Amino acid sequence: MKASDLFVRCLENEGVKYIFGIPGEENTDLVDSLIGSNIEFIVVHHEQAAAFMADVYGRLTGNPGVCLATLGPGATNLLTGIGDAYLDHAPVVAITGQAGLERIHKESHQYVDIIGVFEEITKWNQQIRVAHTIPEIIRKAFKTAVLEKPGAVHIELPEDIAMTDTNGEVLPVTPLPISQPAEDEVRKAAEKINQAKKPIILAGNGVFRNDAAKALREFAEAKNIPVVNTFMAKGILPSDHPLTLYTVGMQSKDYVLCGFDLADCIITVGYDFVEYLPKYWNDEAMNKIVHIDSLPAEIDAYYPLEAELVGNVGESLKALSPHVKAKELWPEVKALKSQLVEKLHASDEVSSSPVKPQRIIADLKKAEKGEAIVISDVGAHKLWVARLYQPEKPNHTIISNGWAAMGIAVPGAIAAKLANPDKPVVAVTGDGAFLMNGVELATAKRLGVAMVIVIFHDEKYGLIEWKQLNKYDRTNAIAFTDPDFLTFAKSFGCKGIKVKHSDELLPALEEALASETIVLVDVDVDYSENVELTKTLGDYICKL
């Protein structure tokens with residue numbers, strides 16, 4: 001059989017449903033071999049969007065998202081999305097075409113060393129040089145992508161290898177081993193937690209990757225230990241749960257750090273350093289750490305370990321639970337929770353034109369009723385989503401955090417809808433980020449997916465303005481001019497709704513979410529609130 005046919009058979013064997021990408025001359029054999037396959041090739045308009053789609057699909061399903069590009073500029077266009085998957089630990093398999101082996105030793109049209117280019121942002125990265133190795137390489141790529149900690153891998157298929165005749169059989173897909181923590185470390189961790197009067201849990205992205213949200217909730221409830229989540233672990237507990245102290249992640253001593261300041265033991269569960277460095281929440285290295293994760297802890301002066309449970313996060317919590325005594329909820333938690341709720345909702349009903357970012361978040365929460373998957377882009381709006389938006393279910397809010405890549409929301413929402421066709425999906429983006437990949441409205445329309453896009457519209461790179469004002473009290477080179485977004489949406493056959501006043505917002509969001517098509521809600525935002533927020537960060541330290 002042709003090598004590209006064997007390649008596709010191996011992808012089918014891995015359970016691949018979608019490949020996101022763009023066809024090109026050097027991947028044309030592989031694209032042709034997809035004819036008659038049960039894999040749907042989703043053609044996009046920029047390879048960056050393809051990588052973002054694979055990234056979000058991998059996060060939400062736990063199975064590797066797959067993206068495809070040709071050589072040279074096609075391959076390098078994947079890099080931003082691949083970097084995002086690498087740092088945020090999303091399983092992705094990137095496939096690129098390449099020039100034939102006979103010309104890669106010399107200067108050649110569109111040829112650069114893509115293996116070298118991808119080296120720093122992939123877990124594993126391999127060129128296929130012999131066709132009969134395809135089954136081994138694909139099986140290794142998919143296994144490596146999902147092994148803790150998950151991430152992006154890359155396979156390069158030169159065009160002359162793709163068209164050769166070969167023999168080969170797919171390799172069986174075997175289940176991943178489930179690792180257990182060492183018994184002596186379980187006892188040590190339990191002893192430290194039992195000695196603590198005010199323990200607190202910091203839950204991170206690894207809880208979702210290990211499918212351990214239920215185990216963590218049961219552990220916290222059984223032991224009466226409050227929980228703080230990172231940006232990427234939103235929804236670990238529902239927003240009204242008495243043990244949730246909401247989200248940490250602002251790079252300042254924000255109000256939620258009151259819980260850390262009062263605690264005498266911090267139990268980190270599935271926490272990745274890339275989410276929020278320890279120096280921001282343990283700045284004097286005073287709190288001792290019980291580390292529960294799939295891999296040993298990174299070395300950091302602000303992360304002093306008392307015990308280290310290495311293994312599957314859910315299994316570690318189950319092993320630990322019988323040895324930890326149930327506690328009375330430390331008395332400051334209820335007062336702290338009450339103050340946090342007051343802070344979180346202080347501006348929910350504020351009426352204004354343009355609309356305050358707090359009101360946009362509050363009305364979105366009311367409109368989606370705790371059911372939507374929300375994909376946040378990167379920009380000033382991301383910090384408001386991270387700070388205020390509290391989903392009711394695990395893994396229902398996707399935020400590009402480690403790589404912090406603008407442009408993820410629209411392609412990410414498309415992937416989210418493909419992964420969860422029965423759930424409402426909302427892309428929350430700024431006008432700057434939207435214009436980076438807004439052309440993928442054409443892809444969404446062609447696929448017939450229904451989703452809502454909420455644009456925070458200010459005709460500036462708002463997050464950079466925020467940082468410039470904080471640092472220099474002046475701004476430069478952050479303004480631009482937007483098109484008419486409603487006309488833009490209409491040109492793709494999508495619906496657009498303009499919101500200039502807060503009174504118009506909730507009805508617009510409810511209408512959009514009730515629609516069975518793509519609806520863009522363009523909201524004029526008042527980002528003067530950014531500087532006001534900065535002024536208050538660090539001031540709210542609990543005196544309980």
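**A surface patch and the neighbouring strands**

Modeller: In this predicted model, Met 436, Tyr 461 and Ile 464 form a nonpolar surface patch of about 250 Å².

Colleague: Is Tyr 461 buried, partly exposed or exposed?

Modeller: Tyr 461 lies in the loop between strand 16 (451-457) and helix 20 (462-472). Its relative accessibility is 34%. Buried requires under 20% and exposed over 50%, so Tyr 461 counts as partly exposed.

Colleague: Which residues of helix 20 are buried, and which residue follows the helix?

Modeller: The buried residues of helix 20 are Gly 462, Leu 463, Glu 465, Trp 466 and Gln 468. In an α-helix, residues three or four places apart point the same way, because there are 3.6 residues a turn. Helix 20 is followed by a residue with a positive phi, near 60°, namely Asp 473.

Colleague: How many bridges join strand 16 to strand 18, and which residue is the bridge partner of Ile 455?

Modeller: Strands 16 and 18 run parallel and are joined by seven bridges. Strand 18 covers residues 518-524, and six of its seven residues are buried. Within strand 18, the bridge partner of Ile 455 is Asp 522.

Colleague: What unit do strand 17, helix 22 and strand 18 make?

Modeller: Strand 17 (residues 495-499) pairs with strand 18 in the parallel sense over five bridges. Ile 497 stands opposite Val 521 of strand 18. With helix 22 (residues 505-514), strand 17 and strand 18 make a right-handed β-α-β unit.

Notes: Residues numbered from 1 in each chain as written. Predicted model: local features only at pLDDT ≥ 70, side-chain atom pairs only at ≥ 80, totals over all residues. Heavy atoms only, no water. Patch = residues over 30% accessible without salt bridge, like charges linked within 9 Å, V, L, I, M, F, W, Y side chains within 5 Å. Areas by Shrake-Rupley, 256 points an atom, 1.4 Å probe, with all protein chains shown as cover. Salt bridge = Lys/Arg side-chain N within 4 Å of Asp/Glu carboxyl O. Helix = DSSP H or I, 4+ residues; strand = E, 2+ residues; numbered from the N terminus. Buried < 20%, exposed > 50% of the residue type's maximum accessible area, 1.4 Å probe, protein only. Pairing = 2+ DSSP bridges. Right-handed = clockwise from strand over helix to strand, strands pointing away.
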